[in-house]
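Hello,

Here is the structure I promised to hand over. Please open it first, then read my notes below.

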Amino acid sequence: MIEHTFPIRTVSEANRRGHWGKAARRAADQRRAVLLAFRPAILAAKWTLPVRVTIVRIAPRALDGHDNLCAALKACADGITDALGLKSDRAAGLSFVYGQERGKPREYGVRITLE
C-alpha cells in the first residue's frame with residue numbers, strides 16, 4: 001500500500017467558468033505532482049495490475065454529485081495512470097474509488113491510496 005496526501009485545491013471542472021488555459025495549467029500541475037510523488041515508489045516496488053486507487057478530496061464543503069467529484073479528481077487519476085506507465089485509466093485491472101472528506105476551514109487536499 002502506498003498513500004500520499006497533496007495540498008491541492010480541487011474544483012468541479014464541470015461547473016467552472018473562465019479561460020481554458022487556466023484550467024489546462026491547473027490540470028497539468030495536479031497530474032505532474034501526482035506522477036512525481038508516486039512514480040519512484042511504484043518503480044521500486046515493481047507494482048503490477050490489479051491496482052485499486054482510492055482518491056479522497058478534502059475540503060470544507062462537499063461537491064454535489066458523483067460526476068462533479070470525478071471531474072474534479074480527473075487530473076489526479078491521470079497522474080496515477082502515468083505513474084503506473086499505462087496509456088489509459090480504463091486498463092483492465094485498474095479501478096478507481098472516489099470519496100470526499102470534510103476538512104477544516106481553508107483546508108484543502110487530496111489523499112491518494114494505492115492497494
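Why are D78 and K74 separated by about one helical turn? They are four residues apart in helix α3 (residues 74-83). Keep in mind that this is a predicted model.

**Salt bridges**

A search of the whole structure finds eight of them. D78 and K74 form one, with their closest N and O atoms 2.9 Å apart. D78 is buried, at 15% relative accessible area. K74 is partly exposed, at 35%.

K74 also meets D89 in a salt bridge, 2.6 Å from N to O. That pair links distant parts of the chain. D89 lies in the loop between α3 and β3 (94-102), 15 residues from K74 in helix α3. D89 is partly exposed, with a relative accessible area of 23%.

E101 and R111 form a salt bridge too, at 2.7 Å from N to O. Here strand β3 is linked to strand β4 (residues 109-114), with the two residues 10 apart. E101 is partly exposed, at 35%.

Shared partners join R31, K74, D78, D82 and D89 into one network of salt bridges.

**Aromatic rings**

The structure holds two aromatic pairs. F6 and F38 form a tilted one: 6.1 Å centre to centre, 45° between the planes. F6 sits in strand β1 (residues 2-6) and F38 in helix α1 (residues 20-45), 32 residues apart. F6 is buried at 5% relative accessible area, and F38 is buried at 1%.

F96 and Y98 are stacked, because their planes are at 15°, with centres 6.2 Å apart. Y98 is partly exposed, at 21%.

One more contact: the charged end of R9 sits over the ring of Y108, 4.1 Å from its centre.

Best wishes

Key. Residues numbered from 1 in each chain as written. Predicted model: local features only at pLDDT ≥ 70, side-chain atom pairs only at ≥ 80, totals over all residues. Heavy atoms only, no water. Phe/Tyr/Trp six-rings, centres within 6.5 Å; stacked < 30°, edge-to-face > 60°. Buried < 20%, exposed > 50% of the residue type's maximum accessible area, 1.4 Å probe, protein only. Lys NZ or Arg CZ within 6 Å of the ring centre and 35° of its normal. Salt bridge = Lys/Arg side-chain N within 4 Å of Asp/Glu carboxyl O.
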